[in-house]
Amino acid sequence: MTLNVGLPLLVLAMPFVSFLLLAIVGPLRRTGRGAGLVSIAAIAISFAAAVFVWTQGFVAEQTWTWIPADGGPIATVGVLVDPLSNKMLVLVTLVSLLVQIYSLAYLSDERPAPLGRYYTYQSLFVFSMLGLVLAPGFLQMFVFWELVGLCSYLLIGFWYERPAAARAAVKAFWITKLGDVGFIVGIVLLWSATGTFEFTELFEKAEQSALAVPGLALIMFLIYLGAVGKSAQFPLHVWLPDAMEGPTPVSALIHAATMVTAGVYMVTRTEPLFALVPGVLTLIAWVGAFTALLAATMACVEGDIKRVLAYSTISQLGYMMAAAGSGAALAGFQHLFTHGLFKALLFLAAGAVIHAVGTNDIFRMGGLFRAMPQTGIVFIVGTLALAGVPPLAGFFSKEAVLGGVWEAHLAGPFLMLAFTALLTAFYMFRVVFVTFFGRAHAGGHPHEAPWLMRGPLWLLAALTLAYGIWLALHGGEPSGEAPAWLPPLSIGLALAGFALAWAMYQRGAIDPVRVAAALAPLDYLARRRYGLDALYAGLYRGILLGFSRLIGWIDRYFVDGILNALTALTLRAGDGLRHIQSGRAQDYVYGVAFGVLLLFVWAQVWR
Amino acid sequence: MIGLSSYLVLAALVFSIGLFGVLTRRNAVGILLGIELMLNAVNINLVAFARYNGDLIGVIFTLFTISITVAEVAVGLAIVIAIFRVRRTVEADRLDLLRG
C-alpha cells in the first residue's frame, strides 16, 4: 500500500479510532472534557494528514473485496483519492476541528457525561462524512450516507430532554430517509443495469457511451432524490430549519462541512453520469434555483438568528445544485467549499451571540457591536462573503455559479438566482443591523466569548478572506465565458440588498411593517413556510396515522381477537371440566365402573 | 340340573348389588358390606367354574379368598371403629381430613 492510499486512510481512521475509544472506554467518555481532547487530537491529526494529501495532490484508488462472488466481487470498499475528495477532506476536517474546539467552550455548562457523548457522536459524524467523501463506489457511499444521517439525528437530538429537539431530530431523520429510499433504489437499478457500483468503471462506460441502458434518466433521477433529501432541496428542505434545535456548533457542522454538503458532493462526484441525462440536469437546475429563491424569501421574515442562517444554507445549497444542474458542477463544488468556510464562521459567530445574550430572537438583541466587537467583525466578514462582496471568497464562487448557469442558457434559474443574490444581501444585513447595531434590547451584560470560541472565528474569517484573495489571483474554477457584465451586476445586487436593509432596519427610512403590509400575501406565505410543513403534517396525519390506526385496529381486534377467543375458550373449558375432579373416592369409582361398563358394551357390540 | 350361566348371572347380580352399595352408601360400614358382596360374587364364580371344569383349583382359590376377606373385614372394621371413636361418625363424606 503506497503513501497515496495510506495517508487518506489515516485521515479516515483517526476519527474512527477516537469514536471507538470513546464509545468503548466508558470512564474516558464520562470525563467530558477529556473525551473532547481525545476527539480533538484525533481530528487534528486527520486534518494535518488531509492538508498534506491536498498539497501533494495525491491521486489513487484502492479497493478491497467486500462481497465476493464468481467473476469478480459484487461490492468493494476502499478509497478514491483525487483532487475533488482531497479538497473535501480538508474542508470536512478543518471545519470539524474548529467546531470541536469551539464546542469545548460553548458546551462548558454541560455535565461531563453528555459532553463525552457529544464528542463520541462528533467523532462518528466526522468518520462517516470522510468515508462518504472517500467512497469509490455507490454502495460504500450509501452506507456512510446513512451513517451521516444517523449521526445528524443523534446530534440534532443531543438535548433530547427537550421535546422540540427530539421532534426535530426525528423529522430530520425521516425527511432525509424519504430521499434515501430513492437513492438506494436508484443505486440498485443502476447496478442491475451495469453490474457495478464503482465510480471509475461507471465513468469509463459513460465515456465510451456504453451506458445507454434503458431508464437511465429514471435511475439518475432516483439517485438525485437522495441528494434532494440530504441537501435540503425543495420540497424536502423542511427538516433543515428545525435542525436548529441542536447545539449551535452542531448546526455549524451540519450546514457547513457535513450532511447537507453530502448531496452536492455526490452529484459533483457522479457528474459524468448526470451529464448523460440532460433532462434530469435541467430539473436539478430548476429545483436548485427555486429552492434558493424560496428559502431566501423565508429567511427575510425569520426572526430566529439560527433559522435565518438555516434558510440561507438551503438557499446556498440551491445555488450549488443549480450549478451542478447547469453542467458547472465544479463551480458548484467551489461554492460548497467557500460556503463551508463562511457558513461555519457565521454559525459559530451566531453561537457566540446566543451564548452571550441567551436568546435566538434577533429583535431581542440589538446594539451588540459595542459589547462584542470581535464577534461583530467576524460576523460581518461572513455576511459580506455570503452576500457576495469582493474580495471575499463568496463573491468568486457565486460568480462562477451564476456564470455557469448563464452559460447553460437557463434564463429562468439565472433570474431566480440573481434575485436571490439581492435577497441574500438583504436578509443577512437585516440580521447584522438588528443584532449588532440599533437600540440595545438585551438585558444583562453581553460579553465577548472566551478565546476558545473566538480563535476558530478569527481563523475562519481569515481563511474566508485569504481564500477569496487566492481565488482572485488564481481565477478559481473556470466559469466559462462569463459575460463581462456579470461581476458588476452581482456586486450591484449585493449593494442593493445592503442598501435596502440599511434603509429599513438602520436608517428607518422605510418602515418594515408597511413593507410587510404591502406584500401581505407573500409575507403571510413566507411566515408559514409556504404551508409545506402543514402539508407534510397533514399528509402524515392523514395517510400515515390513518394507516397505522387501521393496522392497529386489525392487530387489536383481529389478531389479538383470535388469541383472546382461544384463551377464553380454554379457560371456560377448564372451568367446566374442573367439576369432574370432585375429590370423592366414590365418584371416581363411578367413573371406573362406568368405564368398565363401556368396555363391556364395546366388547359385545363391536367385536 | 342348574346350568353354569345361572350361577354366573347370580354372581353378576350379587356383584352389581355390591357395587351399588359401594357407590351409594355414605356409611363406611355399608361400603365394607358392599365390598364383601362383590368378593362373594367372585367366590360364587370361582366355585361355579370349579364345578363346571371338574377340578378343585377354583375351590382352593375360594378358600384363600374367604380367609383374606375375613382378614380384610377384621382390619376394615377395626379402622372404622377407631375412626368412630375419634370423629363420632363413620360417614365417608365427612372423613375428608386428607382432602386437598
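1. Let's start in chain B, where helix α2 (residues 28–53) and helix α3 (residues 57–87) have axes that come within 9 Å and cross at roughly 175°. Please keep in mind that this is a predicted model. An angle over 145 degrees counts as roughly antiparallel, so α2(B) and α3(B) are roughly antiparallel to each other.

2. Which residues of α2(B) and α3(B) make the contact? From α2(B) come A28(B), V29(B), L32(B), E36(B), L39(B), V42(B), N43(B), L46(B), V47(B), F49(B) and A50(B). The α3(B) side contributes I57(B), G58(B), V59(B), F61(B), T62(B), T65(B), I66(B), T69(B), V73(B), G76(B), L77(B) and V80(B). By class, this contact of α2(B) with α3(B) has 16 nonpolar, six polar and one charged residues.

3. Turning to chain A, you will find 26 helices and two strands. The C-alpha trace of chain A spans about 120 × 65 × 50 Å along its principal axes.

4. How much of chain A is buried? Of its 607 residues, 51% are buried. Sequence separation is worth a look too: taking the contacts in chain A between residues at least 6 apart in sequence, 82% join residues at least 24 apart.

5. Finally, the two chains touch each other: six residues from chain A and seven residues from chain B take part in the contact. On the side of chain A that touches chain B, three residues are nonpolar, two are polar and one is charged.

Definitions and conventions: Residues are numbered from 1 along each chain as its sequence is written. Chains are lettered from A and ligands numbered from 1 in the order in which they are written. This is a predicted model: local features need pLDDT of at least 70, side-chain atom pairs count only at pLDDT 80 or more; totals for chains, interfaces and linings use all residues. Axes are lines fitted to C-alpha atoms, for helices over the stretch in contact, and angles run from 0 to 180 degrees between N-to-C directions. Helices (H or I, at least four residues) and strands (E, at least two) are DSSP runs, numbered from the N terminus. Angles under 35 degrees count as roughly parallel, over 145 as roughly antiparallel, 65 to 115 as roughly perpendicular and the rest as oblique. Ala, Val, Leu, Ile, Met, Phe, Trp, Tyr, Cys and Pro count as nonpolar, Asp, Glu, Lys and Arg as charged, and the others, Gly among them, as polar. A residue is buried if 20 or more other C-beta atoms lie within 10 Å of its own, exposed if 12 or fewer, and partly exposed in between; C-beta atoms are placed from the backbone.
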